[in-house]
2 protein chains.
Amino acid sequence: MSVTDKGRAVVAKGGDDVRDRLQRAALELFREHGYDRTTAAGIAARAGVTERTFFRYFPDKREVLFEGAVVLQDALTAAIAEAPQELGPLDILFRAFRSVAPLLENNRPYSKPRNDVISSTPALAERELAKLAALTEALAGALRARGVADLPAVLAARMGMAAFAYATISWLEKPEQGLVERLDATSRELKALLA
Amino acid sequence: MSVTDKGRAVVAKGGDDVRDRLQRAALELFREHGYDRTTAAGIAARAGVTERTFFRYFPDKREVLFEGAVVLQDALTAAIAEAPQELGPLDILFRAFRSVAPLLENNRPYSKPRNDVISSTPALAERELAKLAALTEALAGALRARGVADLPAVLAARMGMAAFAYATISWLEKPEQGLVERLDATSRELKALLA
DNA sequence: CCACGCCTTGTCAGCGGCTGACATAGGCCG
DNA sequence: CGGCCTATGTCAGCCGCTGACAAGGCGTGG
């Protein structure tokens, strides 16, 4: 990309953009050669650092693709905290999901290829499930913080995430239909299931 | 346990009970020293084989704890296929869950310690999530095989698994209350969420 | 302006997970 | 009995990942 110089990187390696370079290099290499065939040392080299430095920024090779999760989680928990009092748990969640839709839609150029790599690599898919589970637990926690009891909080969070994940994935595949519309459709379907 | 002899195992290493010995040895060692501090070679040694043999039976160190998943999956998909026609997706699922409760309750002596190890080891918890996701997908597939459309099948499967997992975990923690009762309670709570 | 200390990176050595290739032994079948 | 097939052992080696230590840049306080 212009970042590396194939031996020693003469570029200004000023601040914490090292992290950024590593993430970019990783995604590029994963797409070019596949996750399994790219080594941590290879990623580091393309980013202009050594393997050891890679592992100082990321606890393991998979984690390099999972940075954005925190941002999304913060946005969602904040939205949950701000929701009006009279709503039920599921409505709170869907309101929060809708509120982060623009954020996701802006990130599509990055998240689409990223998602392709993840879904075609078992090791990464596994990590993604763990991240989603953590996010789900965070949502349940945010609901509990509003006074919702444990069981309904957990159930609502899981149901909501089920719908949210389904809508997001199918939107990533074919973006013609907007994310918000998909969310609404999924929400409707969910409620219909208990009728 | 009587299986190993601490050097070379003179035991009759007849058939595929090697697999069994490996699983037992692994669970024992994980409980004694923790997952991270037990090596694949160590497990193999206790089972009376070499490390290489371990990896011929299991694709990786984690997998040694996840054999039963298949049995459960088969039982559930079979129950789904046999359910009466007039039921809705969620009722089909809960019927299936109730039908495998005895199976789980019999397995408790094994699954309780196993679950303790898993839930206290991030690497294993991650694998468990992957297994649960696969099981969820299998349930959705069984529903689709009955003519349920994709979206409701996936949503129902995820909602059902959310309830099933919650009930099972809390039953593992405190078995005083039966698994079936917990399932019913969770199911009721789930339906209340959409009211 | 210098000396000290912190923060980041590099270097090195080493463990453990995991794999491919090849050798060996035991049982079964013709 | 001879050959085959399967299960296991052995060996060499890659890669993920870590701890320990050294080296360099940069800021701060003296």
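Colleague: How many residues does the contact take from chain A and from chain B?

Modeller: This is a predicted model, and in it the contact takes 23 residues from chain A and 23 residues from chain B. Two residues count as in contact if their C-beta atoms lie within 7 Å, so that is the test these residues pass.

Colleague: Which elements give two or more residues to the side of chain A that touches chain B?

Modeller: They are helix 5 (89-119), helix 6 (122-145), helix 7 (150-173) and helix 8 (179-192) of chain A. Helix 7 of chain A gives the most, with 10 residues. Sorted by kind, the residues on this side of chain A are 17 nonpolar, one polar and five charged.

Colleague: What makes the relation between chain A and chain B that of a two-fold axis?

Modeller: Chain A can be laid on chain B by a turn of 180° with a shift of 0.0 Å along the axis, and the RMSD is then 0.1 Å. Because of that turn and that shift, the relation is the one given by a two-fold axis. In chain A, the C-alpha nearest this axis belongs to Met159(A), 2.8 Å from it. The same surface serves both copies, since 100% of the contact residues of chain A recur in chain B.

Colleague: What share of chain A counts as buried?

Modeller: Of the 195 residues of chain A, 30% count as buried.

Colleague: Which residues have the most contacts inside the largest nonpolar core?

Modeller: The largest nonpolar core has 56 residues, and those with the most contacts inside it are Leu139(A), Leu143(A), Met159(A), Leu139(B), Leu143(B) and Met159(B). Leaving aside residues up to four places away in sequence, Leu139(B) touches Leu76(B), Ile80(B), Leu93(B), Ala157(B), Gly160(B) and Met161(B). There is also a second, separate core of 14 residues, which includes Ile43(B), Ala44(B), Ile118(B) and Leu124(B). As background, nonpolar side chains tend to be buried together in soluble globular proteins.

Colleague: Which residues are the closest to DNA strand D?

Modeller: DNA strand D is surrounded by 15 residues, of which the closest are Thr39(A), Asp60(A), Lys61(A), Arg52(B) and Thr53(B). A residue is near a strand if its C-beta atom lies within 6 Å of it, so these residues qualify as near DNA strand D. The largest share of this surface, three residues, comes from helix 3 of chain B. The residues of the surface near DNA strand D divide into six nonpolar, three polar and six charged.

Colleague: And which residues come nearest to DNA strand C?

Modeller: Of the 14 residues around DNA strand C, the nearest are Arg52(A), Thr53(A), Thr39(B), Asp60(B) and Lys61(B). Here helix 3 of chain A gives the most to the surface, with three residues. The residues of the surface near DNA strand C comprise six nonpolar, three polar and five charged.

Notes
Residues are numbered from 1 along each chain as its sequence is written. Chains are lettered from A and ligands numbered from 1 in the order in which they are written. This is a predicted model: local features need pLDDT of at least 70, side-chain atom pairs count only at pLDDT 80 or more; totals for chains, interfaces and linings use all residues. Copies are superposed by least squares on the C-alpha atoms of residues with pLDDT of at least 70 in both. A nonpolar core is a set of buried Ala, Val, Leu, Ile, Met, Phe, Trp, Tyr and Cys residues joined through C-beta atoms within 7 Å. A residue is buried if 20 or more other C-beta atoms lie within 10 Å of its own, exposed if 12 or fewer, and partly exposed in between; C-beta atoms are placed from the backbone. Helices (H or I, at least four residues) and strands (E, at least two) are DSSP runs, numbered from the N terminus. Ala, Val, Leu, Ile, Met, Phe, Trp, Tyr, Cys and Pro count as nonpolar, Asp, Glu, Lys and Arg as charged, and the others, Gly among them, as polar.
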